Amino acid sequence: MKRRDFLRLTALTSLSVAIGVDNRTNQAFGAAPAYDLAVVTGASPQKITSAAIDALGGMKTFVKRGDVVVVKPNIGWDRTPEYAANTNPEVVAAIVRLCLEAGAKKVKVFDRSVNDPRRCYVQSGIADAVKKAGGEVSYIDERKFRDVKINGSVLKSWPLYTELMEADKVINVPIAKHHGLSRLTLGMKNWMGVMGGSRASIHQKINESLVDISMAIKPTLVVLDAVRVLTANGPQGGNLKDVKKLDTIVAGVNQVAVDAYGATLFGMKSSDLGYVRIAAQNGFGPMDTARMKIRKISI
Amino acid sequence: MNTPRRIRIAVQAAFLLLFVFLFLQTESKGNDDLGYPVKLFLDFDPLILITTLLSAHAVAAGFLLSIIVIAVTFIFGRVFCGWICPLGTLNNMVGSLRRSKPRISPRWNTAKYLLLVFLIVSSLFGMQLAGVFDPLSLLIRSFSLAVYPALSSATNAGLDLLYGAPNQSVNAFGEAVAAAAKKLYLPFQQPFYEQGWFIGILFLGVLGLNLLEQRFWCRYLCPLGALLGIFSRWSFLKRSVSEGCNECGACNRVCVGNATPHEKDNWKPTECLYCRNCDDVCPKNAVSFGFGSKQPTGSLNIGRRRVVTAALSGAVAVPLIRTVPLAKQGFHNPALVRPPGSLDEREFLQRCVKCGECMKVCITGGLQPTLMEAGLEGIWSPVLVPKIGYCEYRCTLCGQVCPTGAIKRLTIQEKEKVSIGTAMIDKGRCLPYAHSTPCIVCEEVCPTGKKAIWLEEVTVRDADGNVITVKQPHIDLKTCIGCGICETKCPVIDRPAIYVTSIGETRSKTNKLLL
């Protein structure tokens, strides 16, 4: 080995270690599961959630003893669960329980709601369900946003929530819904809930922004709640006619793959979603669901 | 200290604490109900009962509780003022900082009766001004809009210092203090109110007058005190002085109500707060309170001419205040977006007592006190300012805490159908219209089941000449309820490109837009 190669290798290794330490949420350093995605259908939200995570190797593959885990559902709206505007509380609670069983020291749950946070937390049923499961629910504290360098194509830096950035593991638990601009809100768009500042302005370049932000927060695991999905008047709904019951959970490690599959739940192609297209073009994940290894289970 | 005085101080403390507790509970915890009867003190206020009855010819059921206060006053005198009223207790506390001889002629006692006459006569002609001077309204309004926001702001400034310190253990300490303060007294979010400083200065003025003379407000100004004073004339519980009195005058120095206790046969039950200071201080132990005393008492002499003048002023004030453009048929103030469930403007003003409960409880802090938007008679009544906070779609708290029914209590289902105004788009500022830039935030946050904002996909040219597609928002007038969340969340933050005005409000028969 030449000296220059050695130096280059050392630099790269330390860089990747540095990224690994800085961004401990990146599962890419762990053992890759046998499947890209697990798609489980069944009547019990709690059971299909557990089954999906088991299909990817169980929660112990993702969460280690003593980890501080952030579980990030969508608690954006003052709606009760049947309106499919927030993540299903049973799904969130199931994940919290699995994390604790896997030895997590703490499981934190929060979201920067759009409607009044108190009403969102209570009416969504999530605060109650998470507390019962042993997790810690907290409201967003505006003091805890810190500017994070993103260096994306549109977002160069943005205030992000420190409790999430400092967690050992992050599990994204979005709900699949219609959205007027991005067409669907799935996993990548769920990160808007940890963005501080005037986040509404990212709608000006929504697809690029979502990719930028998603690459800054790489989750350990994504569990997409499609127990009930909202097919119109999203993202907050309000009309039960727009709600469709799919009784489905999609879980995966790569957020682009999960969102790509999410599109198919609505009869769309993954390429219909601008942010999935851009993410795939940049090599952040696969878009072609036909080429993914998918474990489908029905219980 | 003798027992009655000790008991009185304990009772005062208990009621003040109850008042503060209920005040702190006037805040959402995420459920549809608050869980506590937060407007309880107002329910017991006979001044509001009587003036609302006269102005609106109707009264909210809760106010029947105030009959208890009237009954108690007939039996025990003005014990409400001396033992219960939280503003009276605060006046007591501030007044105890300085004990000076009365400097104001006791004849000024009559001022409060004249104010009462003024308020009652104007309410008879349909104008509810009592809330401006009612002690409970005044206290809740001052706490809600001035004292509490200032306290919260000061606390947060301190916490920010601890958070910002370049030392981790100081930061952790800050976090612990913040958690404790949040549990104990901090509001969920920092409130901001128009005129907070002004209402605060008025309140400090009321408290500051105690330095001139203890319980200045209660002696000379309080219209509720005057009302109870009148009832107190016939109270059964009377003060009597035994032969042991050597007229040393000690009692007069501690009297907080200008009741002339040192003039043996001229003790004035209308002014006495039954605080028992005179009983406590008497070196001869000659003072006692009991039922059925035959000792002559001082009478209430306001002066017939003065009463007539006050009554006439009350009558004249009504047309004087009302002759403003707002009273003109079909004239509506676009900024006067009232809370959901508000009665039609005239009826609303006949009931609203400006207590500030609705503004305190408003979940987004969007309900603000008016200055002159609703005319002088509407001063400090609630108006929604969406730039500060919108009306939360499924929240019904303002109607729950309104003591007089000026804001009706609505169920969530009823509220979803009530429009408080209509959103309009400023196409000169809206990003997809004026600047060929994508944005759908107003549509995204629109809460009606079928969205009141719909998007039209159009192709436009951007600044570089490229043809791009944007979605331009439109308002569906039939569906829009004027909640204002679109205005609150509009990314054009300094002057939102979508805004709500009062037109289309359900409560008005004339402020209509649609056929």
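Ala251(A) touches Leu37(A), Ala38(A), Ala52(A), Ile53(A), Leu56(A), Leu221(A), Val222(A) and Val223(A), leaving aside residues up to four places away in sequence. Contact here requires C-beta atoms, placed from the backbone, within 7 Å. The model is predicted: local features need pLDDT of at least 70, side-chain atom pairs count only at pLDDT 80 or more, and totals for chains, interfaces and linings use all residues. Residues are numbered from 1 along each chain as its sequence is written, while chains are lettered from A and ligands numbered from 1 in the order in which they are written.

Ala251(A) also belongs to the largest nonpolar core, which holds 220 residues. Val71(A), Val92(A), Ile95(A), Cys99(A), Val223(A) and Ala251(A) touch the most other members. Such a core is a set of buried Ala, Val, Leu, Ile, Met, Phe, Trp, Tyr and Cys residues joined through C-beta atoms within 7 Å. A residue is buried with 20 or more other C-beta atoms within 10 Å of its own, exposed with 12 or fewer, and partly exposed in between. Helix H7 (residues 110-124) of chain B gives the most to this core, nine residues. Helices (H or I, at least four residues) and strands (E, at least two) are DSSP runs, numbered from the N terminus.

The contact between the chains takes 31 residues from chain B and 23 residues from chain A. On the chain B side, helix H22 (residues 441-445) supplies the largest share, four residues. By class, that side has 15 nonpolar, seven polar and nine charged residues. Ala, Val, Leu, Ile, Met, Phe, Trp, Tyr, Cys and Pro count as nonpolar, Asp, Glu, Lys and Arg as charged, and the others, Gly among them, as polar.

Within chain B, helix H4 (residues 66-76) packs on helix H13 (residues 223-232) at an angle of about 50°, with the axes 8 Å apart. The contact is made by Ile70(B), Thr73(B) and Phe74(B) of H4(B) and by Leu228(B), Phe231(B) and Ser232(B) of H13(B). These residues divide into four nonpolar, two polar and no charged. H13(B) is mostly covered, with nine of its 10 residues buried. Among them are Pro223(B), Leu224(B) and Gly225(B).

Leu513(B) lies in the segment after strand S8 (498-501) of chain B. Leu513(B) is exposed because 12 other C-beta atoms lie within 10 Å. Contacts of Leu513(B) beyond four places in sequence are Thr422(B), Leu477(B), Ile503(B) and Gly504(B). The C-alpha atoms of Leu513(B) and Asn210(B), 303 residues apart along the chain, are separated by 52 Å.

Key
Two residues are in contact if their C-beta atoms, placed from the backbone, lie within 7 Å. Axes are lines fitted to C-alpha atoms, for helices over the stretch in contact, and angles run from 0 to 180 degrees between N-to-C directions.
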